[in-house]
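Keep the structure in view as you go.

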Amino acid sequence: MPDPGVRAARTTVPVRRRTRPELHPGAWWLWSLGLGTAATRTTNPLLLALLMAAAGYVVAVHRSSAPWARSYTAFVKLAVAVLLIRLAFTAVLGSPVPGTHVLFTLPEIPLPDWAQGIRLGGPVSAEALLFSGYNGLKLAALLVCVGAANALASPAKLLKSLPGALYEAGVAVVVALTFAPHLIADVQRLRAARRLRGRPDRGVRGLFQVGLPVLEGALERSVALAAAMDARGYGRTAEVPAPVRRTTTALTLGGLLGVCAGTYGLLTAEGGVYGMPVLLAGALAALAGLRLGGRRSPRTRYRPAPWGVRAWLVAGSGAAVAALLALASVRDPGALYPGVVPLAAPALPLWPAAAVLLGLLPVLVVPQDRKEPS
């Protein structure tokens with residue numbers, strides 16, 4: 001008979017639970033790009049604030065503890081800085097929007113005759129600041145949406161999901177996107193170390209003391225990345241017949257030209273008939289070219305990220321928000337582009353606001369990561 005102690009030890013061995021498959025990183029990027037596209041279709045501050053709140057709530061629910069996920073706060077601070085800089089430039093350099101409600105007057109600096117049309121200082125009206133604030137808030141919302149994609153999608157997994165023809169370009173883009181998160185993580189780590197040692201971590205002195213180690217870490221990381229890329233055969237290509245190369249080039253270039261022509265047709269009133277067919281034909285040709293171009297970069301994927309129903313729902317929610325806001329900007333431009341002359345408070349349009357709430361669909365369809373008890 002087996003020993004009861006051995007039997008008890010066997011029963012207390014923890015069973016590793018099967019984790020849910022993670023969402024495809026491309027779905028997060030398509031969702032955030034959809035919200036960013038919707039932000040470019042309006043200057044209504046209420047809709048833009050609702051867009052940023054939806055993106056921030058999804059990030060708060062699904063953000064992981066990885067270092068690259070901490071960059072969302074930096075993007076929010078950058079958005080606030082962009083808005084304040086836009087308002088400051090309007091106050092100092094003036095605005096083409098006429099205004100009758102003067103808030104304050106800055107000392108005006110006289111300029112020579114060749115600088116006509118430019119002023120430094122002078123009266124600052126509420127209409128000018130409001131017009132500048134609306135446009136600055138649109139850019140801030142776009143930055144918040146891009147920050148949400150950086151905080152939710154793993155750059156390494158996104159690189160694994162790219163087609164073979166875009167592998168080299170994808171590596172460059174991923175390295176550029178991960179620069180800011182790594183830089184923020186290094187600064188936070190060094191500031192925490194200085195605080196533990198009782199040294200100043202703020203002000204000009206702290207900035208100079210932290211800047212040199214951060215630069216040294218960036219150089220070491222770049223050298224290690226170059227060695228890893230060389231060890232993995234980065235840049236080596238396979239032999240492809242010449243007709244296949246020519247066909248790939250023709251399909252890719254022709255497809256990109258078709259996408260540009262179709263996009264231009266959709267943005268103009270005269271090209272509304274041919275814009276969508278040309279755009280679809282160009283997209284199909286570009287995808288076929290990328291498919292053929294992938295033969296030059298034979299790579300194997302270890303555990304590729306699946307694209308399932310949840311990925312379609314997340315990406316589709318972002319696309320739906322962009323499409324509905326674009327439709328609303330055509331149907332009711334007055335509600336999505338509120339005027340500032342005469343001065344009036346913006347109103348919240350109901351069905352565009354309901355369309356923005358579709359961006360919260362990832363909270364419902366994507367399960368949250370639950371930490372197992374230790």
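pLDDT is the predictor's confidence in each residue, from 0 to 100. You need it here, since this is a predicted model.

**Exercise 1. Find where confidence in the protein chain is lowest and where it is highest.**

Step 1. Start with the whole protein chain. Its mean pLDDT is 77. Of its residues, 75% reach 70 or more.

Step 2. Helix α1 (residues 4-11) has the lowest confidence, with a mean of 47. Helix α3 has the highest, at 92.

Step 3. Check residues 5-19. Their pLDDT stays under 50. The model gives this stretch 2 contacts beyond four places in sequence.

Step 4. Draw the lesson. Coordinates predicted with low pLDDT should not be read in detail.

**Exercise 2. Describe how helices α3 and α5 cross.**

Step 1. Locate them. α3 covers residues 45-62 and α5 covers residues 126-152. Their axes come within 10 Å.

Step 2. Take the angle. The axes cross at roughly 15°. Angles under 35 degrees count as roughly parallel. Therefore α3 and α5 are roughly parallel to each other.

Step 3. The crossing of α3 and α5 is left-handed.

Step 4. List the partners. From α3, the contact includes Leu-48, Met-52 and Val-59. From α5, it includes Tyr-134, Leu-137 and Val-144.

Step 5. Sort the contact residues by type.

**Exercise 3. Which kind of peptide bond joins Val-341 and Pro-342, and where does Pro-342 sit?**

Step 1. Read omega. For this bond, omega is about 0°. The bond is cis.

Step 2. Pro-342 lies in the loop between α12 (333-336) and α13 (350-356).

Technical notes
Residues numbered from 1 in each chain as written. Predicted model: local features only at pLDDT ≥ 70, side-chain atom pairs only at ≥ 80, totals over all residues. Heavy atoms only, no water. Axes fitted to C-alpha atoms, helices over the stretch in contact; angles between N-to-C directions. Helix = DSSP H or I, 4+ residues; strand = E, 2+ residues; numbered from the N terminus. Parallel < 35°, antiparallel > 145°, perpendicular 65-115°, else oblique. Left-handed = near helix turned anticlockwise from the far one by under 90°. Contact = heavy atoms within 4.5 Å.
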